[in-house]
Amino acid sequence: MKETLATNTLSLRDVVKTYAMGTAIVRALDGVSLEIAKNEYVAVMGPSGSGKSTLMNIIGCLDVPTSGTYCLEGQMVAEMPEERLAEIRNRRIGFVFQTFNLLPRANILHNVELPLVYGGVARGERRARAERALQTVGLADRMSHRPNELSGGQRQRVAIARALVARPSIILADEPTGNLDSKTGEDIMAMLDELHAGGQTIILVTHEEHIAEHAHRVVRLRDGLIESDEARRTPVLSPAKAPALDLAAAAVGAA
Ligand code: ADP
Ligand code: MG
């Protein structure tokens, strides 16, 4: 048991999540058990409404199971004080969620700095790290712009910069290439691939098989249940496609 806790980054047991919709009860997750080890690259797939986003919210400590347990890096999430949960959300986990909106009135630099503000990092260091993260995603020349002055793909890159600025060990991406043209989508995936190569655990929701091909394991959900959970036979390693960015170093904080 101890060994399981030590070797698995996260472990869900019999997780159920229900929502009350008027008089009806929706079972968004209906008993999900899942273990994900450090540095795995997992794609979560399944039809709309199958529970993918609910699962990501629980993994990201943004929501709690109705029943069942969730253990993150050896600790039971349900037993953590709010302060510790906030620290996990700000420092241990990087979110690339479409619904995780950027602050519309703040410029891009400030948006990227935000997790560090919450993390209590001093102003000078905050700025330097945010600038570096934006350079890394190719947006050094957009730092003083506001989100609505950027394209969808650029905003998604801002979200990636924000996700990696705090050097999290886990990246959660919920349809990171949704709404993007295929070229921009591939750029985003190349960045995630590089973060994975740098040692981060990546969990990614997607509808698209060619996006899921970047992952080494595919978990399929249906009606709140895991329908299949398979290693991909041929992990795609395409260093030739990787952009000349030093994302992995930015993520782990190499100087
Ligand atoms: P997916 O991301 O796979 O499309 P979701 O996890 O968003 O699915 O939703 C799973 C089910 O739970 C759906 O039936 C959805 O309508 C319902 N659901 C999700 N969030 C809520 C909520 N906040 N309130 C009520 N029902 C919800
Ligand atoms: Mg969803």
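Colleague: How do E6 and E7 pair, and over how many bridges?
Modeller: Strand E6 (residues 93–97) and E7 pair in the parallel sense over 5 bridges. Two strands pair if DSSP finds at least two bridges between them, and strands (E, at least two residues) and helices (H or I, at least four) are DSSP runs, numbered from the N terminus. This is a predicted model, in which local features need pLDDT of at least 70 and side-chain atom pairs count only at pLDDT 80 or more, while totals for chains, interfaces and linings use all residues. Residues are numbered from 1 along each chain as its sequence is written, and chains are lettered from A and ligands numbered from 1 in the order in which they are written.

Colleague: Which residue stands opposite aspartate 174?
Modeller: Phenylalanine 97 stands opposite that residue of E7.

Colleague: And what joins E7 to E8?
Modeller: E7 and strand E8 (residues 201–205) run parallel and are joined by 5 bridges. Isoleucine 170 has threonine 201 in E8 as its bridge partner. From E7 the chain passes through helix H7 (residues 182–197) to E8, a right-handed β-α-β crossover; that is, with the strands pointing away from the viewer, the path from the first strand over the helix to the second runs clockwise.

Colleague: Is E7 buried or exposed?
Modeller: In strand E7 (residues 170–174), 5 of the 5 residues are buried, so the strand is largely enclosed by the rest of the structure. Buried denotes 20 or more other C-beta atoms within 10 Å of the residue's own, with C-beta atoms placed from the backbone. Ile170, Leu172 and Asp174 cover one side, and Ile171 and Ala173 the other.

Colleague: What is the strand order in the sheet?
Modeller: The open sheet of 6 strands has the order E6-E7-E8-E3-E9-E10, with mixed pairing. E6 and strand E10 (225–231) stand at the edges with a single partner strand each, so one side of each lacks a neighbour in the sheet.

Colleague: How do E9 and E10 run?
Modeller: Strand E9 (residues 217–222) and E10 run antiparallel, joined by 6 bridges. Arginine 222 has leucine 225 in E10 as its bridge partner.

Colleague: Changing topic, which residues surround ligand 1?
Modeller: Among them are Tyr19, Met21, Gly49, Lys52 and Thr54, where a residue is near a molecule if its C-beta atom, placed from the backbone, lies within 6 Å of it.

Colleague: Which element gives the largest share of that shell?
Modeller: H2 gives the largest share, 3 residues.

Technical notes: A residue is buried if 20 or more other C-beta atoms lie within 10 Å of its own, exposed if 12 or fewer, and partly exposed in between; C-beta atoms are placed from the backbone.
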